Amino acid sequence: MLGQTRSLKIACPNFGIEEKGALRSILGLLEPYLQEPWEVSEAGPCDVCFVNVDQPNDAAPAQDAASRVVRCAQRPRLHPQGTIHRPLRPHEVLAVLSDATRQLKGNDRDDTCRPDGHWGFRLRAWPLDFIKWPKPWWRVLACIAREAHSVEQIAERTGLPAKYIDVCMERLMAAQLVERLAYTSNGALAGAGLKQKWSALASRLLKKFGFAR
Amino acid sequence: MNEVYKIVFMGAPGSGKTTCIAALSDIPPVSTDVPCTDALQETKDTTTVALDYGELRLDGDNGRLLLYGLPGQSRFSYMFDVVRTGLFGAIVLVDASSEGAIDGLAETLETYREDLASIPLVVAINKSDGPSHALGLRCQQALHAHGLVAPVTTMDARRRDDVVQLFEVLLTLLEFGFDHPGKGRAT
Amino acid sequence: MSIVLPSQPHCHRALDTLLHRCDGVVAAMFALRDGRSYAERFRSTLPVNKFAAMSSSLVALSNSVLREIASDALNYLLIEGDAHKLVLCKVAGSKSPLILSIMAKHEINLGLVLGLAKMCAKEVMEAEPTESARATQTV
């Protein structure tokens, strides 16, 4: 159980300087979304240990047995479940640290926590300058304007690569325009047929107006 | 197949509904404007008391998009029944030059909240001298107060390209944000 | 811009007379053309604001239909339902801001309701100086 408020520690024993810097930057971005403050620790005991599993034969240095290990890889699918992407993605770091906080606090009291652990993002408000954003990002905004969806679901619905969505999500998080929520559906989004219908209408209308799609 | 789609422009008197429809319609728009008799007459000669109507023909008459302009005042809320079926989106206009711009928006949102929550919605600030961050923020606050999340943007209703851009946003919402427009939403 | 209207007390008197002349009239109202009630008399509870707004919409739409189809202008609008009749007209020509709406029971002859509407409207306009005598009338 945690005592007085202290920053929780993340160790990155085999991260390069740039990657540690990137993690610090992400922690700053995620600060409004994290229940407890986290910081990167260079030495000493840690609460979570991020390990770069793309570096073979690079044994992780001794770590606190109680700390949680998070594998980081360029291709997480080739590694055990729970491995997150390198370069680090804000929404994945958020998920990992939120879960870790919950475990470390020793209770499951989290208004947004669900047993199945499915998390998504929902828009709090549209950016006032969204008109100047890349148009594909409008799809991301539209997708999460009413209900929370995971990045994977957003990618499926919008047809955009997850990396591209990450950049948009990062911008939204920096502006505190998204909230992280649990969602119930964990399968494909419904309405593919209707989506095609509206897509066809959109094409016809924009063609009429002289806009390419 | 001759398909028919509907979209509605809503807002306080003078916000630009009739102008938007006129900018897009393939036919001369029909309006039901009458002279104002209340305090509104100090800022505007006429007000819409029923609806404005225009039409866009698609693909050489293979479909039509019906454009409706509805008054934003709460006493005309029943007019929404006329257009509700088959409606796929709403554009709520805000007159940036009016002192009561946010009051007018709030009245429209209050009056039509249930319906606006279930279809793609864009809020467009019209008659602005330039980008208005403060008014945009107030519009967002008004939306939030009514449990709505919608894009807020600035435009000139007299410019067809600006109105078309609103359509682009609305269609993006429709395509990527709504499974069944008009069938309610989670709040 | 100023608007000249008949006095509300006089409008109420005219409506009282109308209801007295015909028991079958359920509701009568002078509404402003932009959808607000000016004077009303109802025998039963009716939504005043909605009735005024709807009267305004009906008259405006009817006017638009005649204008668009036949380059014509509205005199009277007659609506008949299963249980009621509704007659609407503009008061004293196209420049007046007033609309008269009368709802009557179905068994009342439509011609009678129309006649009552004309008499009521005329009574209100004759009590005040005409529009042409009032330079400030601009609607």
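Two residues are in contact here if their C-beta atoms, placed from the backbone, lie within 7 Å. With that rule in hand, look at chain A: of its contacts with a separation of 6 or more, 60% come from residues 24 or more positions apart. Before we go on, please note that this is a predicted model, in which local features need pLDDT of at least 70 and side-chain atom pairs count only at pLDDT 80 or more, while totals for chains, interfaces and linings use all residues. Residues are numbered from 1 along each chain as its sequence is written, and chains are lettered from A and ligands numbered from 1 in the order in which they are written.

Let us stay with chain A. It has six helices and seven strands; helices (H or I, at least four residues) and strands (E, at least two) are DSSP runs, numbered from the N terminus. How many residues of chain A count as buried? The share is 28% of 213 residues, where buried means that 20 or more other C-beta atoms lie within 10 Å of a residue's own, exposed means 12 or fewer, and partly exposed is in between, with C-beta atoms placed from the backbone.

Now find the sheet of chain A. Five strands form an open sheet in the order β2-β1-β3-β4-β5, and their pairing is parallel; two strands pair if DSSP finds at least two bridges between them. At the edges are β2 (38-41) and β5 (84-85) of chain A, each pairing on one side only. Inside chain A, strand β1 (residues 8-11) runs parallel to strand β3 (residues 48-52), and two bridges join them. Here A:I10 stands opposite A:V48 of β3(A). Helix α1 (residues 17-30) of chain A lies across β1 and β2 of chain A, at about 170° to β2(A). Such angles run from 0 to 180 degrees between N-to-C directions, and axes are lines fitted to C-alpha atoms, for helices over the stretch in contact.

Next, see where chain A meets chain B. This contact takes 29 residues from chain A and 30 residues from chain B. On the side of chain B that touches chain A, the elements giving two or more residues are β4 (52-58), α4 (133-145), β8 (152-154) and α5 (160-177) of chain B. Which of them gives the most? It is α5(B), with eleven residues. That side of chain B divides into 17 nonpolar, eight polar and five charged residues. In this grouping, Ala, Val, Leu, Ile, Met, Phe, Trp, Tyr, Cys and Pro count as nonpolar, Asp, Glu, Lys and Arg as charged, and the others, Gly among them, as polar.

One helix pair is worth a look here. Helix α3 (residues 135-143) of chain A packs with α5(B) at an angle of about 55°, their axes 8 Å apart. The two helices, α3(A) and α5(B), are therefore oblique to each other; angles under 35 degrees count as roughly parallel, over 145 as roughly antiparallel, 65 to 115 as roughly perpendicular and the rest as oblique. Their contact is made by A:W138, A:R139, A:A142 and A:C143 of α3(A) together with B:V169, B:T172, B:L173, B:F176 and B:G177 of α5(B). By class, the contact of α3(A) with α5(B) has six nonpolar, two polar and one charged residues.

Chain C brings another arrangement. It has three helices and five strands, which run α-β-β-α-β-β-β-α from the N terminus on. Of the 139 residues in chain C, 38% are buried. The five strands form an open sheet in the order β2-β1-β5-β4-β3 of chain C, with antiparallel pairing. Because β2 (37-42) and β3 (76-80) of chain C stand at the edges, each with a single partner strand, one side of each is left without a neighbour in the sheet. The twist averages 10° from one strand to the next. Strand β1 (residues 25-32) of chain C pairs with β2(C) over five bridges, and C:A31 has C:S37 as its bridge partner in β2(C). Helix α2 (residues 48-70) of chain C packs on this sheet, and its direction makes about 70° with that of β1(C).

Finally, 19 residues of chain C are in contact with 15 residues of chain B. On the chain C side, α2(C) gives the most, with ten residues.
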